[in-house]
Amino acid sequence: MGFVDLHSHVLFGLDDGAPDQKTALAMLDALAALGVTEQYATPHQKASQYLPAWDAVEGTFAALSAARASHHPALRLAAENMWDGVFFERSVADTIPGYADTRAFLIELPPALVPPGLAERLFTFRRAGKVPVLAHPERYQALWDNDDLARTLRSNCAFQIDLGAVGGFHGKRETKAARHLLESGLATCVATDAHQVGDVQQAAAGLAWIKKKLGSAAIDRLFDHAPRAILAGNLPD
Ligand SMILES: [Fe+2]
């Protein structure tokens, strides 16, 4: 067993992640060294910015899967879905690109506002047996001083904290929020959200903080057990 990283931009040439295969392989080297044994590739699906066609995503996934070395983590496919019009259409059509072969999918929100109806939509997804996973909740300003809202959302989705934020690399306010979500027990899991090799080193600093403040068992819970539970279709407490 090893860590399960539910969020990365290792698929090259599709978004703001790895620009080429060489960089992607270097990222997989770093992720293996971090202890990741199952790596999800989550290219952006964001209408206003990065919306690579799904056949291009699958083609790059096949190319990187063929090029990966035996010491690299197993590579699996998912996507980071922005909560936008494209996502809404896909949710109606039940075609959200999720974690392959599971009921779980990754979403992100605009940082500055909580979309109207978010809590109700998350509830509807859960009632349908799906597991929404909210990427980097520490970035969302509406959650910064509002644990009641955090608890409301958290009751119907998983909170996936960026390890780089925990390590102190994504801004002071985001770091404070990330650490608060971990210390308050509102965090469900952690992920690297690696866009480049340096992000994996920053993730290591986040793991070091968790080990120091919350203990090794918290790392196992957040980076191993909880991701596996999510992929199995459960929403961990
Ligand atoms: Fe991401």
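1. Start with a cysteine. C157 is buried, with a relative accessible area of 1%. C189 is buried too, at 0% relative accessibility. This is a predicted model, and the values below are computed from it.

2. The structure as a whole holds zero disulfides.

3. Turn to the metal. Which residues supply the protein donors of the iron ion? They are H7 and H9, each through NE2, E80 through OE and D193 through OD. These donors lie 2.0 to 2.3 Å from the iron ion. In sequence their spacing reads H-x1-H-x70-E-x112-D.

4. H7 sits in the loop between β1 (3-5) and α1 (21-34). D193 sits in the loop between β9 (189-191) and α8 (197-214). The pair therefore ties together parts that are 186 residues apart in sequence.

5. Why is the arrangement around the iron ion irregular? The four donor atoms subtend angles of 78 to 170 degrees. Tetrahedral would require all angles to lie between 85 and 135 degrees.

6. Now the aromatic rings. The count comes to seven aromatic pairs. One of them is Y40 with Y99: the ring centres are 5.1 Å apart and the planes stand at 85 degrees, so the pair is edge-to-face. Y40 lies in strand β2 (residues 36-41). Y99 lies in the loop between α3 (85-93) and β6 (104-108). The pair thus ties together parts that are 59 residues apart in sequence. Y40 counts as buried at 4% relative accessibility, and Y99 at 1%.

7. F105 and F125 also form an edge-to-face pair, 5.0 Å centre to centre with 70 degrees between the planes. F105 belongs to strand β6 and F125 to helix α4 (residues 118-127), so this contact links parts that are 20 residues apart in sequence. Both F105 and F125 are buried. They belong to one aromatic cluster, formed by W83, F87, F105 and F125.

Conventions:
Residues are numbered from 1 along each chain as its sequence is written. This is a predicted model: local features need pLDDT of at least 70, side-chain atom pairs count only at pLDDT 80 or more; totals for chains, interfaces and linings use all residues. Side-chain values use heavy atoms; hydrogens and water are left out. A disulfide is a pair of cysteine sulfur atoms within 2.5 Å. Buried means under 20% relative accessible area, exposed over 50%, partly exposed in between (1.4 Å probe, protein chains only). Donors are N, O and S atoms within 2.8 Å of the metal (3.2 Å for Na, K and Ca); water is not among the atoms, so sites may look incomplete. Four donors count as tetrahedral if all angles lie between 85 and 135 degrees; four count as square planar and six as octahedral if opposite donors are over 155 degrees apart and all others between 65 and 115; anything else is irregular. Helices (H or I, at least four residues) and strands (E, at least two) are DSSP runs, numbered from the N terminus. Rings of Phe, Tyr and Trp (its six-membered ring) pair if their centres lie within 6.5 Å; planes under 30 degrees apart count as stacked, over 60 as edge-to-face and the rest as tilted.
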